[in-house]
Structure formats: structure tokens, C-alpha cells
Amino acid sequence: MTYPPPSGTDPWSQPSTPPVDPTLPVSGQPTGADPYAPVDPYAGMKSGQPAPAAADPYAVPGYAPPGYPPAGYPGYGYPQPPRTNGLAIAALVLALVGIASCITAPVGAIMGHVAQKQIRQTGEGGEGMAKAAIIVGWILTGLIVLGIIFYIVMIGIAIYAGSTSSSSY
């Protein structure tokens with residue numbers, strides 16, 4: 001090893017020409033287009049259209065990236081609860097209002113039966129509400145009928161007791 005290096009080769013000096021840029025054309029002729037000009041990704045698109053998706057070189061056909069539902073399957077991802085049958089809701093409300101009104105309980109029970117039939121046909125939610133409307137509606141209807149019978153019997157007893165006690169005077 002020789003110190004200092006031989007004359008004419010200075011390792012710390014700058015090269016006389018800059019390094020060649022690999023993105024420039026190989027021939028010495030200019031192309032007319034600026035290779036460093038910014039590219040508009042939305043050029044040629046109509047307004048309102050989404051930007052084109054970049055192709056993933058590592059994508060496996062038929063599989064979606066984690067956290068995204070697969071394309072072509074609407075509603076896939078978070079499970080959506082079934083729509084509740086409106087007739088089942090109305091039936092339960094009418095059956096419960098029957099506690100105070102005494103009239104809507106049988107209507108709620110009948111509507112509960114109709115709602116159950118609709119739920120079986122359409123696959124909607126609300127089967128529990130329809131069943132509760134049927135149970136509550138018929139129990140209240142039975143209690144109302146027993147109450148009416150009790151009042152009729154009590155009125156009959158009062159009339160009979162009144163007619164037998166007045167004839168003895």
C-alpha cells in the first residue's frame with residue numbers, strides 16, 4: 001500500500017460528469033414529454049365516477065383482504081338482524097293495552113296468530129312478540145270472560161235474593 005495514492009487519482013474528488021439517470025431515454029434525442037411531469041389520476045374520468053382501484057399484486061382470487069367483505073356479496077360482513085314484523089308489534093301492543101281496555105286483548109291475540117303465519121312465510125323477525133301477544137291476549141280474554149260471568153252470576157244472585165226477601169213482608 002502506498003501512501004499517498006498515486007498522482008492523478010484523488011479518491012475524494014468529485015467526478016467530472018453527473019451519474020446517468022435511469023429514467024431518461026437511452027438515446028440522446030429529447031422525447032418532447034417531461035418524464036417528471038405530475039400525472040393526473042383522474043384525467044379522462046367523468047365526474048361522479050370512483051377512481052380506479054390499484055391492482056394488488058399479492059391478491060388471491062376469490063379472497064378479500066382482511067377486514068373487508070368479499071366483492072359481489074351484498075350484506076356480507078356484519079350480520080344484519082331480520083326485519084321485525086310490524087303486525088307482531090301491533091299485536092303485542094293491543095294485547096297489553098287489553099289489560100286496561102278489556103276490548104283489544106282478543107284483537108291482539110288474533111293479530112298475533114296472523115303475524116305468526118306471516119313470519120313463517122317471509123322469515124321476518126318478531127316470532128317471540130307474536131307468541132307473547134297470543135298468550136297475553138288469550139289469557140286476558142279468558143279473564144275478561146270469567147269476570148263477565150262472575151258479574152252476571154252476582155247480579156242474578158242479587159236479583160234472586162231481592163225477590164225472595166221482598167215477598168215476605
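These are my notes on a predicted model and what I looked up in it.

**Ground rules**

I number residues from 1 along each chain as its sequence is written, and my side-chain values use heavy atoms, with hydrogens and water left out. As this is a predicted model, local features need pLDDT of at least 70 and side-chain atom pairs count only at pLDDT 80 or more, while totals for chains, interfaces and linings use all residues.

**Entry 1: the overall picture**

I began with secondary structure and found 3 helices and 0 strands, in the order α-α-α along the sequence. Helices here are DSSP runs of H or I with at least four residues, strands are E runs of at least two, and both are numbered from the N terminus.

Next I checked burial. Of the 169 residues in the protein, 14% are buried (buried is under 20% relative accessible area, exposed is over 50%, partly exposed is in between, with a 1.4 Å probe and protein chains only). The accessible surface comes to about 14100 Å², and 68% of that belongs to carbon and sulfur atoms (Shrake-Rupley method, 1.4 Å probe; for residues, only the protein chains shown count as cover).

I also looked at contacts, meaning heavy atoms within 4.5 Å. Among those with a separation of 6 or more, 55% join residues 24 or more positions apart.

Helix 1 has 16 residues and reaches 22 Å from first C-alpha to last, close to the 22 Å expected at 1.5 Å a residue (the expected span is 1.5 Å times one less than the number of residues). Its buried residues are Ala88, Ala91, Leu92, Ala95 and Gly98. They cover an arc of only 110° around the axis, so they sit on the same side of helix 1 (the arc is that of the directions from the helix axis to the C-beta atoms). I jotted down the background too: an α-helix has 3.6 residues a turn, so residues three or four places apart point the same way.

What lies at the start of helix 1? A side-chain oxygen of Asn85 reaches to within 2.7 Å of the backbone nitrogen of Leu87. Asn85 belongs to the segment before helix 1 (86-101), and it counts as buried because its relative accessibility is 2%. Its side chain also makes a polar contact with the side chain of Glu124, at 3.0 Å (a pair of N or O atoms within 3.5 Å; within protein, one must be able to donate a hydrogen and the other to accept it, and residues adjacent in sequence count only if both atoms are side-chain atoms). Leaving out residues up to four places away in sequence, Asn85 touches Ala115, Gln118, Ile119, Glu124 and Gly125.

Just after helix 1, I found Cys102 with a positive phi of about 65°. Most residues other than glycine have a negative phi. Cys102 lies in the loop between helix 1 and helix 2, and is partly exposed at 41% relative accessibility.

**Entry 2: helix 2**

Does the span of helix 2 agree or disagree with its residue count? It agrees: the 19 residues (104-122) should span 27 Å, and the end C-alpha atoms are 26 Å apart.

I listed the buried residues of helix 2 as Thr104, Ala105, Gly108, Ala109, Gly112, Ala115, Gln116 and Ile119. They share one side of helix 2, because their arc is only 135° around the axis. On the other side, Lys117 and Gln121 are exposed.

I then picked out Ala109, buried at 0% relative accessibility. Not counting residues up to four places away, Ala109 touches Ala133, Ile134, Gly137 and Trp138.

Last, Gly123 follows helix 2, with a positive phi near 80°.
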